[in-house]
Amino acid sequence: MTIPVVLICFFVFLPLSGGALLFAFPERGRKLLPLLFLVNTILTGYMILMGFEDSIVVSGSFGVEIVFDRPGLILTLMNGIVFLAVSLSMAERSLPPLAMSLISMLHGTANAVFISNDLFNIFVCVDLAGILGFLLIRMGRKPRQVWSAVKYLVTANFGMILYLLGCLQIYTHTGSFSISSLGAVPHGAVALLLTGLSVKGGILAMGLWLPEAHGEAEAEVSALLSGVVVKVGLAPMFRIASVSLSAQEFLSFLGPLVAIWGVFYAMAEKDLKKMLAYSTL
């Protein structure tokens, strides 16, 4: 078994399978998950310091491509730190039994997005992260939480439909879902990819779900929305921009615009959790 396969099992499949097992044994997750996230953080930090880079392609009609590079590992490190803090906070509170299972599965799903270098695998993982985010937002089962969760799910699914249409156009032109093949595809296909991910990442008016979801969700879930869920939508955009000039121009224009948008709304906001949402924008 090669090193990339072992790392995929640790970063992705172990949290996903562990989350499934915790459905049956939720109390054990309060003790075991912080340890898993701590080991994840230490291992990722060590890989970054050692300059570790590797990749693997699972051949087939879709060609799942996994890349362990510095940008992906930095996001994985941040993912481990956020989940470690959230799991320690949740261990001290009385929350629904499924909470630990959901955050374990979200951890593995986010890691999969950060190390993926093919469009279809990213689609599957981002969509799964959306479903897990929906379940976490409505965790308290208050009416406003449920409505915020539904609004988030509908908006995110709309974005992923646009993203999938872009994937299909790119596969038609290149016969591949690899992000490395985006240099010679129509600008319209790239625009569909970026628009769909922008909806998921909470950019401008397309991200109006974000402040409401922040305001109504539990405090730990708000931290996950800012620290992880939004980055699940943004991280693929940077990979796309690394090979597509049109994507670079789009992000260079949108970055300052979104920053100004978020600052003005944050200055006018009195609710601290919604202020956090606008600072995320």
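**Exercise 1. Find how many cavities of 30 Å³ or more the whole structure holds.**

Solution. The search of the whole structure returns two cavities of 30 Å³ or more. On a 1 Å grid over the protein atoms alone, a cavity is a set of points where a 1.4 Å probe fits but cannot get out, and lining residues have an atom within 4 Å of a point. Grid points are joined across faces, edges and corners, and a volume is the space filled by probe spheres set on the points. The model is predicted: local features need pLDDT of at least 70, side-chain atom pairs count only at pLDDT 80 or more, and totals for chains, interfaces and linings use all residues. Residues are numbered from 1 along each chain as its sequence is written, and side-chain values use heavy atoms, with hydrogens and water left out.

**Exercise 2. Describe the largest cavity by its volume and its lining.**

Solution. Step one is the volume: the largest cavity holds about 40 Å³ of space. Step two is the lining, made by Val86, Met90, Ile103, Leu136, Met139, Glu218, Glu220, Val221 and Leu224. Helix H3 (70-91) and helix H9 (219-241) are the elements that give two or more residues to this lining. Helices are DSSP runs (H or I, at least four residues), numbered from the N terminus. With three residues, H9 gives the most. Step three is the class count: seven nonpolar, no polar and two charged residues. Here Ala, Val, Leu, Ile, Met, Phe, Trp, Tyr, Cys and Pro count as nonpolar, Asp, Glu, Lys and Arg as charged, and the others, Gly among them, as polar.

**Exercise 3. Do the task again for the second largest cavity.**

Solution. About 30 Å³ of space lies in the second largest cavity. Leu75, Met78, Asn79, Phe114, Gly227, Val228 and Lys231 form its lining. The elements giving two or more residues to it are H3 and H9. By class, the lining has four nonpolar, two polar and one charged residue.

**Exercise 4. State how H4 and H9 pack, and which residues meet.**

Solution. Two packed helices are described by the angle between their axes and the distance between the axes. Axes are lines fitted to C-alpha atoms, for helices over the stretch in contact, and angles run from 0 to 180 degrees between N-to-C directions. Helix H4 (residues 99-115) packs with H9 at an angle of about 20 degrees, and their axes are 9 Å apart. H4 and H9 are therefore roughly parallel (angles under 35 degrees count as such, and those over 145 as roughly antiparallel). H4 passes H9 in a left-handed crossing, meaning that the near helix is turned anticlockwise from the far one by less than a right angle; clockwise would be right-handed. Contact means heavy atoms within 4.5 Å. From H4, Ile103, Leu106, Ala110, Val113, Phe114 and Ile115 meet residues of H9, including Leu224, Val228 and Lys231. The contact of H4 with H9 has twelve nonpolar, no polar and two charged residues.

**Exercise 5. Apply the steps to H1 and H4.**

Solution. The angle between helix H1 (residues 3-22) and H4 is about 160 degrees, and the axes lie 7 Å apart. H1 and H4 are therefore roughly antiparallel. Their crossing is left-handed. Among the H1 residues in the contact are Phe11, Pro15, Gly18 and Gly19; H4 residues include Met100, Ser104, Gly108 and Ile115. By class there are ten nonpolar, eight polar and no charged residues.

Terms used. 1 Å grid on protein atoms, 1.4 Å probe; cavity = no way out; pocket = protein on both sides within 12 Å on 5 of 7 lines; lining within 4 Å. Parallel < 35°, antiparallel > 145°, perpendicular 65-115°, else oblique.
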